[in-house]
Amino acid sequence: MRPATRLALLVGWLGYALIPWYLAEGMSLTGFGWLAGYPFGKAGTALALALSGSAPWLLPVGIALVVATLLSNRQPGTATGSALIWTGLAGLVFFFAQGFAVTLKGQGIPWLAALLGGAGAAQPGMGFGAFLTVLSLLLLLCHGLAYRGVCRGDIFTTSSIGIVIMLIGLFIFLPVSTILQSALVDSDGGLALGEFVERFLSPTIWGLGCLTANTNCGVAWNTLILAVLTGVITTLLGLACALLILRTGMPGKRAMRLLTVLPIITPPFVIGLALILLFGRSGLFSTLMFEWFGVPRSRWIYGLPGVLLAQVLAFAPIAFLVLIGVVQGIAPSLEEASQTLGAKRWTTFRTVTWPLLRPGLANAFLLGFVESMADFGNPLVLGGNFEVLSTKIFFAVVGAAHNQGQAAVLAIVLLGFTLAAFWAQQRWLGSKSYTTVTGKGDSGLPTPLPRRITWISALVIGPWVALTAVIYVVILMGGFVKTMGRDFTPTLQHYITGFSIDFSRGLHFDGSAWPSFFTTLKLAAISAPLTALIGLLTAYLLTRQRFAGRGALEFATMLSFAIPGTVLGVAYILAFNVPPVEITGTGLILVIAFVFRNMPVGVRSGIAGLSQIDKSLDEASATLSARSFTTLWRVVLPLLRPALVAALVYSFVRSMTTVSAVIFLVSAEYNLATAYIVGRVEAGEFGLAIAYSSVLIVVMAIGISLIQLGVGERKLGRRGTPALASSAAEPIKQG
């Protein structure tokens, strides 16, 4: 065997024979603190439990490791690969069979538990020993596939595919399927297809009363209209901003870039609350318009206009983060070639630049569309009588009726819309090539934007930036006045209540917000690099490797993004509140929720960036005898820095600000900043909520700066962008 395979086997024996198999009391932040409860070699190991007869169902897993050990002296080849495949597969089957068959009494699979010697027995949740063992068995299977020549015999590639598939299956497919299956059962747990059809075809979902009568349309149509409008507007805004920043010399680009990114680092409810303070019946703008011009006060901000405005402000930065790397990656030589053939700027933009932007546009629209569908904070604050799927699901889960089946049916409708958007995106992109980053030198200058595009972009971005600036002035002021909109007396009481520090007893953090702040910061720092790593690795596998089920894997990565956060939170509780994976109430489940909820942004950004990088760079690296990991680390990753920044920034910010996915997962020990803010909003303490949000915005701005400084800029060997004034008057000079 190769050294990597022997190392994987050693990891398996470590988990099976030396580290406790089951959970113990006293979990820490990352969920591994229970190791201290069982010293190495004590009777908590799987080997000791299996040999003593306490847990005979663990014996087949050990037999699989013994067989793999007997193969360790054989030379790598087809025969050894086949043996490893069957050994690893058998070990995984036994592992998951005993895990899901022998759980708590009255649960699991009784006949399978009896077959494994665990009839009537129960076992707690699996621990670190079980994790290492299943990882070892999976790696043995993947290494066997590599020995058989799969993925050109590359162990890193086959192992990465196997790990990603297992993680997505365990932490996305399992919880989602757990919650969705409740749509097909009644309150007693029996199959009820008729009840499902009745719920699915309900007029409250698909009704067209807004067209045929003076009533509201179904919640599905409201959601679809809102999502399409949000996706289109955010994509166009993100593109306009990226073009102005990268293709013009307009002044104030740094300030504009900061303002366009600010909404993404804003905690939930805050933008909606600021819009109400500005445009509500008693808002500042409404009051000024009434007093100065006699414009009657109205409630226009509540409903589709207000929700759309809030979502555009919140999600346009996501489109910008995706598109700025795509615009930067377009090779100037292609545009110069067009102008050399006599094409004008508009023709060049329409026939060369625009087609090369299609991967970024498609991914930006898909993210905006899915974000709009999954968002429930803004519709909850500004929706009024305009209901969407996410709010209906939220009230079905937490309302007095507590109709889990209805929530699952609504989630299926939402998934259908997401699947349709995903299919439409793939159809629009087709199988065309969008490669612009190759191994050849390209020091040309980007073509200046056509005048009409420059002015249209500036006219579109201007109001967006101005409104964003006003909103953040309101947010900043809200923490320093007693009651925003009513009592503007200056005060620091909100900050003192949340973030006071007592120096009389040393450095003691007395403020009520400090515990949730430190917990949130710690969890975000752990989850952000994991999210970026898994997301970009998945994007690399999807775009650079060919394997069975690749399309299904790509859609599975969007599944957790499409499901509303409230549904995902409930799904995690149902799936991970009992063995074999029992992690509810720990910090680990929060990290997992953050990672797999935010991973799709890293995947989509990585796919958009990789679609521009010529595969010949990978082939050149392979020709020089570099393995796929070396190629990924030394060649591909430096060219993916914009996508890496997007993934890190988004995952860090969303971990700091998300509420829907974790509102059911927080505990007294692991309370988060967003849960604290929601509690203050519900209690009417808007000043404290805004003050806390302001602190989070500052912290996240510092974090984003550190991420960008640490990752650095992508070096493509191109010259700088000409100034706007000169680009509008002078032709491009060949350099």
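Is Phe518 buried, exposed or partly exposed, and at what relative accessibility? I looked this up first. Phe518 counts as partly exposed, because its relative accessibility is 35%. I note that the model is a predicted one.

**Entry: aromatic pairs**

I listed the ring pairs and found 28 aromatic pairs in the structure. I opened the pair of Phe200 and Trp206: the ring centres are 6.0 Å apart and the planes stand at 55°, so I logged the pair as tilted. I then checked how accessible these two residues are. Phe200 comes out as partly exposed, at 25% relative accessibility. Trp206 also has 25% relative accessibility and counts as partly exposed.

I went on to Trp514 and Phe518. Their ring centres lie 5.2 Å apart with the planes at 15°, so this pair is stacked, as planes under 30 degrees apart count as such. Both residues belong to helix H24, which covers residues 514–544, and they are four residues apart, about one turn of the helix. Trp514 is buried, since its relative accessible area of 13% is under 20%. Phe518, its partner in the stacked pair, is partly exposed at 35%.

**Entry: charges over rings**

I looked for arginines over ring faces and noted two cases. Arg299 lies over the face of Tyr302, 4.6 Å from the ring centre. Arg452 lies over the face of Trp346, at 4.7 Å from the ring centre.

**Entry: nonpolar cores**

Which residues have the most contacts inside the largest nonpolar core? I found Leu275, Ile461, Ile471, Tyr572, Phe596 and Tyr692, in a core of 184 residues. Helix H15 (residues 304–329) gives the most to this core, with 17 residues.

I took Tyr572 for a closer look. Leaving out residues up to four places away in sequence, Tyr572 touches Phe171, Pro175, Asn577, Thr584, Ile589, Ile592, Ala593, Phe596 and Leu665. Another core lies apart from the largest one; this other core has 38 residues, including Met1, Leu65, Leu71 and Leu140.

**Entry: cysteines**

How many disulfides does the structure hold? I found zero. I checked Cys142, which is in no disulfide: the nearest cysteine sulfur belongs to Cys151 and is 9.5 Å away. Cys142 is buried, with a relative accessible area of 4%. For Cys241 I noted a relative accessible area of 0%, so Cys241 is buried.

Terms used
Residues are numbered from 1 along each chain as its sequence is written. This is a predicted model: local features need pLDDT of at least 70, side-chain atom pairs count only at pLDDT 80 or more; totals for chains, interfaces and linings use all residues. Side-chain values use heavy atoms; hydrogens and water are left out. Rings of Phe, Tyr and Trp (its six-membered ring) pair if their centres lie within 6.5 Å; planes under 30 degrees apart count as stacked, over 60 as edge-to-face and the rest as tilted. Buried means under 20% relative accessible area, exposed over 50%, partly exposed in between (1.4 Å probe, protein chains only). Helices (H or I, at least four residues) and strands (E, at least two) are DSSP runs, numbered from the N terminus. A charge sits over a ring if NZ of Lys or CZ of Arg is within 6 Å of the ring centre and within 35 degrees of the ring normal. A nonpolar core is a set of buried Ala, Val, Leu, Ile, Met, Phe, Trp, Tyr and Cys residues joined through side-chain atoms within 4.5 Å. Contact means heavy atoms within 4.5 Å. A disulfide is a pair of cysteine sulfur atoms within 2.5 Å.
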